Amino acid sequence: PMQGEIKALDANSKSATIAAGKIEGWMDAMTMEYPVKPDAEFQKLHVGDKIEATCVVADVKYYVTDIKVAPKQ
């Protein structure tokens, strides 16, 4: 599981730059680009969204899915 904020979106590569908190067992808090799968998950994102998602890690490949966008306040 991961939590973070969308900082940028790239429609060509279907990736999101996410300022994410620590992802247990994988990475400390960091802002980086994550591929988003499937396309329907990418379509619901906007810069500034705060999200909870699942980061799937398989060896050196990784992507984000099962995204829940927090309601705007």
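How many aromatic pairs does the structure hold?

Modeller: The structure holds two aromatic pairs, where rings of Phe, Tyr and Trp (its six-membered ring) pair if their centres lie within 6.5 Å, and planes under 30 degrees apart count as stacked, over 60 as edge-to-face and the rest as tilted. This is a predicted model, in which local features need pLDDT of at least 70 and side-chain atom pairs count only at pLDDT 80 or more, whereas totals for chains, interfaces and linings use all residues. Residues are numbered from 1 along each chain as its sequence is written, and side-chain values use heavy atoms, with hydrogens and water left out.

One of the pairs is Trp-26 with Tyr-62, which is tilted, with 55° between the planes and 5.4 Å from centre to centre. Trp-26 belongs to the loop between strand E2 (15–20) and E3, and Tyr-62 to strand E5, so this pair ties together parts that are 36 residues apart in sequence. Strands (E, at least two residues) and helices (H or I, at least four) are DSSP runs, numbered from the N terminus. Trp-26 is partly exposed at a relative accessible area of 30%, and Tyr-62 is partly exposed at 25%; buried means under 20%, exposed over 50%, and partly exposed in between (1.4 Å probe, protein chains only).

Tyr-62 also pairs with Tyr-34, edge-to-face, at 5.9 Å centre to centre and 75° between the planes. Because Tyr-34 lies in strand E3 and Tyr-62 in strand E5, this pair links parts 28 residues apart in sequence. Tyr-34 counts as buried, at 1% relative accessibility. Trp-26, Tyr-34 and Tyr-62 form one aromatic cluster.

Another ring has a charge above it: Lys-37 lies over the face of Tyr-63, 4.7 Å from the ring centre. The criterion is that NZ of Lys or CZ of Arg is within 6 Å of the ring centre and within 35 degrees of the ring normal.

Now the sheet. Five strands form an open sheet with antiparallel pairing, in the order E3-E2-E1-E4-E5; two strands pair if DSSP finds at least two bridges between them. E3 (30–35) and E5 (61–69) are the edge strands, each with a single partner, so one side of each has no neighbour in the sheet. On average, and ignoring direction, neighbouring strands are turned by 45° against each other, with axes as lines fitted to C-alpha atoms, for helices over the stretch in contact, and angles running from 0 to 180 degrees between N-to-C directions.

E5 is joined to E4 by seven bridges, and the two run antiparallel. Glu-52 stands opposite Lys-68 in E5. Two residues lie between the strands of this hairpin, where Asp-59 takes a positive phi near 60°. E4 (residues 50–58) is in turn joined to E1 (residues 2–10) by four bridges, again antiparallel.

Asp-49 counts as buried, at 2% relative accessibility. The Asp-49 side chain makes a polar contact with the side chain of Lys-72 at 2.5 Å; such a contact is a pair of N or O atoms within 3.5 Å, where within protein one must be able to donate a hydrogen and the other to accept it, and residues adjacent in sequence count only if both atoms are side-chain atoms.
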